[in-house]
Amino acid sequence: ENTVPKSHFPLQRQHKTTTTNPSILCSSAANQSNNLCTIQKRFTSLTMSSNNNSDSARNPPAAPARPEFRSVQMQTNDPRYTVQRPQSMATAKPAPAARNDVINMDEFRAGAVPAAMQQETAPGKSSNWAPTAPRPVPAFYPLEKSTRLVEDETPMEVASRLSESLRYMSVQAVYNDEAATANLYTAENVEMHMSLWMTPSTAQQNGVLVELQRRKGDSMVFHRYARRILDAAVGDIEESDLADSVDADKIYSKKVQRLLSPELKNQDHQEHENAVVALEIAHGLIMKDRMDARQLGLESLCLLTDPAKTGYMTAVLASHVVLLGSTGGVEIAGVTDAPGNESILKDEGPFQEIRETILSLVQFSRIGEDEEDEATSPESESMILLHNLALAVLANALEVVEHPERYIEDDNEDNDDVKQSPRPRLNTQGSEKITEEFLSQSEEFSKKDLLKTLIGELGNASAKPHNATLSAKCIGSLCRASDEAKRRAKELGAKTVVATALDVGVKTHLKLETECQKVFRAMETQND
């Protein structure tokens, strides 16, 4: 008898021997079919997932869509404002910046020029200004109205003509060859900025654009200079005519005096009174704490000591106040010859303060005993301006005292066609006596030699040519009026300093050159 369990037989044999019920066989077949379907589904899902992984490894997902930008071109009839079409913003790699791209102000102020824009400078640089490669007008850069187009000329030719014109006008210029710019400073304390630009390639007219901008100073003075500079840039005015055109104010003032002389012919006896009132107003402004008031007071003294812009008697009285702090040396017929009227003003304390203020500014760049701070420091912008104005006042006063008869002759020549009443007679001390007294009082007040200060100012001609011009004017007046001043200047080595300043004037500043030549002649000639 067989004792092996039935479960050890193969499945088919079990089916053959044990399957006697049809319902049992159907349920078993159904179960096997379900198991096969489940296995097939699992295999299919695994196969699909593996295929997806391999596809994702071979083909990464696409990047999200980017917006599409289109560039446009703006163009006008004016060639100065033509803008090149920029590169499309949809490009994958940014294109190199074009030459007329938006300007980088940091690089522009530093004078940096891209390598693609640089070019070789012409050998044998004969001009003070030799721009290497002017920039094209940047995009979205509005040019000033004070701009002129120079056609059919190279930037070097335009810069050379401008440099020589600025020398004739005695305008200090600080050039930047790489950026093709220049900072300009006039004797009237007007600051300008000049730039050379190349016109865009799409412009209707090609050439060099000369642009002037006012940074500081009187707007009317700026426009007067701007017209001459731009005319010189295009060659509409001769360089030799520029020197005379700068002093046009004196010509206009003489014309005004000629027109007003009939109305003022009977008021000459009041001129000294008006002069005293004007000096008192200037004193009140100088003694204030505000820098703008002090500047206005010194500018008033510049006018009062200039006979070309004010009356002759006013200039003489103001010059004596600036140099001696008193009007005691001026004798006016019918005014000071009366008993008890030896001086025009009884209390001359304000006149003394005016003289001390001028000397303090000239020698120490300060006013009185002011505590030094940021605003009153000698290196501050305000004190530099006041120092320049004080030098101008001193130069005017010394020139008036040196030869006052020059201005009497000028008045007579200008007013030949007008019948005037006789002007009050002025009797003043000799120029030599006034000059020596002034030098003595100034050294006693400041404990410092004024001539040494003026010579030191002249030695700084390359950095401050306007101050050097005024100092040379003062030194020339002192040497022509006093032999003692001439001897002292030679001991201080004035000839060497004047020679160095003369070289600077020959290259960059016509007025400085003229005043240095006058100083040389004054030191070589013997006074009467």
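**Close-up 1. The largest nonpolar core and the residues with the most partners in this core.** In this predicted model, the largest nonpolar core holds 61 residues, and L301, L323, F438 and L458 are the ones that touch the most other members. Helix α12, which runs over residues 381–402, supplies the largest share of this core, namely 13 residues. As general background, nonpolar side chains in soluble globular proteins tend to be buried together.

**Close-up 2. Surroundings of L301.** When residues up to four places away in sequence are left out, L301 is in contact with L279, A282 and I286, and also with I354, I358 and V393. Apart from the core to which L301 belongs, there lies another core of 27 residues, and among them are L162, M169, L196 and L230.

**Close-up 3. Helix α15 and its covered residues.** Helix α15 spans residues 450–458 and is mostly covered, since 7 of its 9 residues are buried. The buried residues of α15 are L450, L451, T453, L454, I455, E457 and L458, and L458 is also one of the residues that touch the most other members of the largest nonpolar core. At the start of this helix, a side-chain oxygen of D449 comes to within 3.1 Å of the backbone nitrogen of L451.

**Close-up 4. Two buried cysteines, C474 and C479.** C474 has a relative accessible area of 0% and therefore counts as buried, and C479, likewise with a relative accessible area of 0%, is buried too. With a disulfide taken as a pair of cysteine sulfur atoms within 2.5 Å, the count for this model comes to 0 disulfides.

Terms used: Residues are numbered from 1 along each chain as its sequence is written. This is a predicted model: local features need pLDDT of at least 70, side-chain atom pairs count only at pLDDT 80 or more; totals for chains, interfaces and linings use all residues. Side-chain values use heavy atoms; hydrogens and water are left out. Buried means under 20% relative accessible area, exposed over 50%, partly exposed in between (1.4 Å probe, protein chains only). Helices (H or I, at least four residues) and strands (E, at least two) are DSSP runs, numbered from the N terminus. A polar contact is a pair of N or O atoms within 3.5 Å; within protein, one must be able to donate a hydrogen and the other to accept it, and residues adjacent in sequence count only if both atoms are side-chain atoms. A nonpolar core is a set of buried Ala, Val, Leu, Ile, Met, Phe, Trp, Tyr and Cys residues joined through side-chain atoms within 4.5 Å. Contact means heavy atoms within 4.5 Å.
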